[in-house]
Every structure is written in C-alpha cells, then in structure tokens.
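This briefing is meant to be read slowly, with the sequence and the 3D view side by side. Please find each residue in the view as it is named, and then read on.

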Amino acid sequence: MSKGPTTETRAHWIEWATGLTATILVVAMIGWVAYDAATGTHAEPELVVTITAQRPAAGGTQVSFTISNTGKRSAAGVPVTGLLVRDGIVKERREVTFDYVPAQSHEDGVLIFTEDPSGAQIDLHASGYRDP
Amino acid sequence: MGISLNRDETTAAGDQQRQDEANDLNDFLIGLARGLGGALLFALPMQMTMEMWALGFTMDRWRLLLLLLVTLPLLFGIARRIGFEKTFNWRDGLRDAMVAYGIGILSSAVLLSLFGLITGDMAREDLVGKIALQAVPASIGALLGRSQLGNGGEDDQDERDPAQPRTGYGTELFMMAVGALFLNLNTAPTEEMILISYLMTPWHALLTIFLSIAVMHGFVYAVSFKGGHELSDDVPRWHALIRFTMPGYAIALLISVYCLWSFGRFDGAQAMPALMAVIVLGLPGAVGAAAARLIL
C-alpha cells in the first residue's frame, strides 16, 4: 500500500521547532504583504534624478547620477536626458535609457559630455516612462 | 563469475579480481555517461539563456566565488543522499562530487564554445565567469543524472529498501533546498522574474504565497505520485504541513533570497520590491522543493 516514506506521528522536538519557526516566518511575511496591500494606493512612479559625481574621463566628462523611484509603481523604458547649458544656450544634449526603474528603488547611470562642464549648468531629468 | 572448479584458488581469485575491476571500470564509465546526460538535460536551458551569459561577466566576483564554494558541500550532500548509503564513505562522496563538478565544467565549456559564446580572444574574466556559472547547475545535473537516468537497477533497490522506510528530517530539508535551488537557478537570472514582480500587486503576491504552499503540500501528500509521502491514518494533516511543508516553503524563500542576491537583483531595491521578487521566485522554488522530495 505504502508507496513511499510515511510521516510518523511522533516527531523529534527539533522538527516542531523548525516547523514553528518557518510558520512564524511565513505568517510574518504574509502579514507584511497584506499590510502593504491594505495601505498601498497604486500611485504613479515618482522619478527623481540627482547628480552624484562629475569626473573627467577619456572622451569627455562623466556625470554620474542616481535615478530613484519613490512611487509604489515601477517604471519601464525611462530615458534620462542631460542638457549642458551655457549662457542660456543648450550646448550639448545626452540621453541614456533605463530598462526599468522599479518602485521604491534606485538605479545608477552615467552621461558623457564632450564639452567641459565647468562654468556651465547641467540639467538632468527623466523624460518619461512607460508601464512595465 | 563462471569460474571452472578445476583451477586452483589463486587463479580463481585473480580472475575474480580482474572481473571486478572490469566491472568497476565499466560502471564508472556508465556513470560518467549518465552524468554527462544529466548535465545536458538539466543545464541546457540555462546555457541557452541570454541573462546567464551576461551574468558570467557582470556578476560580482565575490558572489560568484561564494556560489562556486557553496556548490561543493551541496554536491557532496547530494552524492551522499543518492549514492549507496549503506556503504557510503567520505572518500567516495568527495570523489563523486568532484567528478560531477568536473563534468559540469567540461560540458559547459564545450557547449558554450559550440554556441560561439566563448572564444579564445575574449577577456579571461568573461570566459572563466561564463563557464564557472554554468558549471553549477550542470554539476548538479550530472549527479542527478547518475541516479535518475539509470534503468532502475541496484540504485533503486537500495532506495526502496524496506529497512530504511523513512529518510532523516535533515536530509529531507536538504533535498528540498537542492530542488528549490535548481529551479531557482533556472529562473532567477531571467528578466521575466523581476518583470513579473513589477506587474504584481501585493494582492497577487498574497495569492502566490498561498498557491506556493498549496502546491508544495499537494504535490507531496495529496496527489499520490510515485514516491509521494503518505500520512499514517492517525496523523492529522496539519502535522505534515507544519513539520514539512512550511519549513520547505521557508527554505524555498531563503534560496530565492540567496539567488536574487547572488545575481544582483536586490541592488538598489528597498525591502518591499525585493520581497515581491522573492515571492515570485518562491513559486518555482516551492515546486522544485516538492519535486525533490518525490524524486530523490
């Protein structure tokens, strides 16, 4: 009749300890997700781009930045546009696209400008997004 | 064995020994071939996955090293479980594990070369990384192939020995971890995993959790597959749920965390999106864990 190992009634206490620990873990996780489900309003992505560093490199100046999404919805195909503006004139325009900027996460990227940005203004912003 | 009686004892013994050695060599070669088959069967999907190629280069080197080291005790544990348990010793286990790892590395190198993914003039870091990463699932496959691709000879008799009707609790949990890791290695590198987690709402995630637990429990207890575990009549159903299924699911989740972290999927993510990805990956992990309890 029996096709495989049977589970016996009497189990070592360590099996119960492991089982209870695991159950508490899983229940805690369910509670957390349920709390998030109950409180989470499905808002739109909130994309913020901040420049973190500038350094001269081969082929120009590398401008590092972080794009963070503080919203509760992920964004896909996010182009980050950088403008190098001197005396009110756009001298250079650079763009890089992120496949994903997940909800409540941040991604790092770099734009490379050929012109020396000293004395000029660098404007970085996310130009748009689509739903994943 | 057909030794004629009129020969003297020493010749008979010598013949016997030569025969045994020939048998051993034959068994070893058959084992190698099965291992190679297993490596192909289990690792081909990953060798043909684009993200796995990229990871060979982009994966953090320390995390790759850790994965390669973790694979060693893992292979040893599998070798111990599926080998001849009664005659098992450390030397044989270590040998089986290393042979499987070797098969994994060689078969990965050959296949990746065949696909034109590795060439002589590429960066050494990329080359080694690609092969090493693929060697992990391939080596697990090689070991499983040795036990599962057999025609049900001596291996099965040993496994179904009525003197050992019940496998140890620790072994059971370990095999669940192996099963979860195996399916997770298949799925964790793909972009689809995180994409699914982006598309899901917390409500979807809750349903996924319940589905994972139900599938795990059903797989092993309710559906009477070959190798399924049957409950004694006097055991309430929830006993097995607490003692086996819940730890199994927790293990599947932990393995998911490990895989996602290894492949850098958590970098820059806060807790909630990370947890969503873990829950998504936990589903194949749970199925893998449950299947491992049945198969191995």
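The score called pLDDT is the predictor's confidence in each residue, and it runs from 0 to 100. It matters here since this is a predicted model, and in residues 151-165 of chain B the score stays under 50, although the model still has 19 contacts beyond four places in sequence for that stretch. The points below begin with confidence and then turn to strands, aromatic rings and salt bridges.

**Confidence in chain B**

- Averaged over chain B, pLDDT comes to 83, and 82% of the residues score at least 70.
- Residues 1-5 of chain B also have a pLDDT that stays under 50, and for this stretch the model has 4 contacts beyond four places in sequence.

**A strand pair in chain A**

- Strand β4 of chain A, which covers residues 75-86, pairs with β5(A) in the antiparallel sense, and the pairing extends over 11 bridges.
- Within this arrangement A:A76 has A:Y100 of β5(A) standing opposite.
- The hairpin formed by β4(A) and β5(A) has 2 residues between the strands, and in this hairpin A:D87 takes a positive phi near 50 degrees.
- A:T97 belongs to strand β5 of chain A, and its relative accessible area of 49% makes A:T97 partly exposed.
- When neighbours within four places in sequence are left aside, A:T97 is in contact with A:G77, A:V78 and A:P79.
- A:T97 and A:T81 are 16 residues apart in sequence, while their C-alpha atoms are 8.6 Å apart in space.

**Aromatic pairs**

- Over all chains, a search of the whole structure finds 6 aromatic pairs.
- In one of them, the ring centres of A:F65 and A:F98 are 5.9 Å apart and the planes stand at 80 degrees, so this pair counts as edge-to-face, a class that requires planes over 60 degrees apart.
- This pair links distant parts of the chain, since A:F65 lies in strand β3 (residues 60-69) of chain A and A:F98 in strand β5 (residues 89-101) of chain A, 33 residues apart.
- A:F65 is buried, with a relative accessible area of 1%, and A:F98 also counts as buried, at 9% relative accessibility.
- B:Y258 and B:W261 form a tilted aromatic pair, with 6.3 Å from centre to centre and 35 degrees between the planes.
- Both B:Y258 and B:W261 lie in helix α10 (residues 237-262) of chain B, where they are 3 residues apart, or about one turn of the helix.
- B:W261 has a relative accessible area of 33% and is therefore partly exposed.

**Salt bridges**

- Over all chains, the structure holds 11 salt bridges.
- One of them joins the side chains of A:K72 and A:D36, at 3.3 Å from N to O.
- That pair links distant parts of the chain, with A:K72 in the loop between β3 and β4 of chain A and A:D36 in helix α1 (residues 13-39) of chain A, 36 residues apart.
- A:K72 is partly exposed, with a relative accessible area of 32%, whereas A:D36 is buried at 14%.
- In chain B, the side chains of B:D96 and B:R95 meet in a salt bridge at 3.1 Å, N to O; B:D96 is buried, with a relative accessible area of 14%, whereas B:R95 is partly exposed at 43%.
- B:E172 forms a salt bridge with B:R293, and their closest N and O atoms are 2.6 Å apart.
- This pair too links distant parts of the chain, as B:E172 is in helix α7 (residues 169-187) of chain B and B:R293 in helix α11 (residues 271-295) of chain B, 121 residues apart.
- Both B:E172 and B:R293 are buried.

Conventions: Residues numbered from 1 in each chain as written. Chains lettered and ligands numbered in written order. Heavy atoms only, no water. Contact = heavy atoms within 4.5 Å. Phe/Tyr/Trp six-rings, centres within 6.5 Å; stacked < 30°, edge-to-face > 60°. Helix = DSSP H or I, 4+ residues; strand = E, 2+ residues; numbered from the N terminus. Buried < 20%, exposed > 50% of the residue type's maximum accessible area, 1.4 Å probe, protein only. Pairing = 2+ DSSP bridges. Salt bridge = Lys/Arg side-chain N within 4 Å of Asp/Glu carboxyl O.
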